[in-house]
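Q: I am new to this structure and would like to be taken through it. Could we look at it together, beginning with a single residue?

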Amino acid sequence: MCVVLGLLILSYIAYRLYQHFFPTPNIDPRGKYVLISGCDSGFGHELAIELDKKGFHVFAGVFVPNNVISLQNKLSSNATVFHLDITKQEDIDAAFKLVKEKTPVLWTC
Ligand SMILES: *[C@@H]1O[C@H](CO)[C@@H](O)[C@H](O)[C@H]1NC(C)=O
């Protein structure tokens with residue numbers, strides 16, 4: 001039951017993100033920074049690749065440390081892939097620091 005609920009919530013978030021990014025072809029991606037967590041697989045993974053291709057500067061958080069390199073290899077040099085476990089405060093702090101070193105503004109939704 002919990003799993004089903006979790007999946008529903010995830011699909012909803014994914015849907016909202018998709019709506020947010022894709023029906024607006026006029027957005028100029030240059031100089032825009034986006035942070036996406038959960039880029040190990042599935043939607044986050046596709047989204048990171050898609051936005052990177054469009055020219056966004058992508059911060060991609062992955063849960064499994066081994067995925068850092070494999071995802072970095074799929075993205076341009078403008079993308080930053082890092083390990084992120086959103087249940088760990090130190091990981092969140094590190095992500096925040098990483099982002100702040102590169103940009104004062106994060107383009108979020
Ligand atoms: C990286 O970003 C800069 C500035 O937005 C852009 O000019 C350049 O083409 C990008 N490089 C890649 C590999 O996408």
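A: Let us begin with Asp-85, which is buried, with a relative accessible area of 8%. Buried means under 20% relative accessible area, exposed over 50%, and partly exposed in between, with a 1.4 Å probe and protein chains only. This is a predicted model, in which local features need pLDDT of at least 70 and side-chain atom pairs count only at pLDDT 80 or more, while totals for chains, interfaces and linings use all residues. Residues are numbered from 1 along each chain as its sequence is written, and side-chain values use heavy atoms, with hydrogens and water left out.

Q: Where does Asp-85 lie?
A: Asp-85 is in the loop between E3 and H4. Helices (H or I, at least four residues) and strands (E, at least two) are DSSP runs, numbered from the N terminus.

Q: And which residues does Asp-85 touch, not counting those up to four places away in sequence?
A: With those set aside, Asp-85 touches Phe-63 and Asp-91. Contact means heavy atoms within 4.5 Å.

Q: With which residue does Asp-85 form a salt bridge?
A: The partner is Lys-88, and the closest N and O atoms are 3.5 Å apart. A salt bridge is a side-chain nitrogen of Lys or Arg within 4 Å of a carboxyl oxygen of Asp or Glu; by this rule the count comes to one. Lys-88 has 35% relative accessibility and so counts as partly exposed.

Q: Moving on to H4, which of its residues are buried?
A: In H4, the buried residues are Asp-91, Ala-95 and Val-99. They cover an arc of only 70° around the axis, so they are on the same side of H4. The arc is that of the directions from the helix axis to the C-beta atoms.

Q: What do the buried residues of H4 pack against?
A: They pack against strand E1 (33-36), strand E2 (57-62) and strand E3 (80-83).

Q: Which exposed residues does the face turned away from the buried side of H4 carry?
A: That face carries Gln-89, Glu-90, Phe-96, Lys-97, Lys-100 and Glu-101.

Q: How far apart are the end C-alpha atoms of H4?
A: They are 20 Å apart, which agrees with the 20 Å that the 14 residues of H4 (residues 89-102) should span at 1.5 Å a residue. The expected span of a helix is 1.5 Å times one less than its number of residues.

Q: What about H2: which residues are buried there?
A: In H2, Gly-44, His-45, Leu-47, Ala-48, Ile-49, Leu-51 and Asp-52 are buried. Just after H2, Gly-55 takes a positive phi of about 105°.

Q: Changing topic, how many aromatic pairs does the structure hold?
A: The structure holds one aromatic pair. Tyr-33 and Phe-59 form this pair, which is stacked, with 5.8 Å centre to centre and 25° between the planes. Tyr-33 lies in strand E1 and Phe-59 in strand E2, so the pair ties together parts that are 26 residues apart in sequence. Rings of Phe, Tyr and Trp (its six-membered ring) pair if their centres lie within 6.5 Å; planes under 30 degrees apart count as stacked, over 60 as edge-to-face and the rest as tilted.

Q: Finally, what pattern does the chain follow along the sequence?
A: The pattern is α-β-α-β-α-β-α, with four helices and three strands. Buried residues make up 32% of the 109 residues in the chain.
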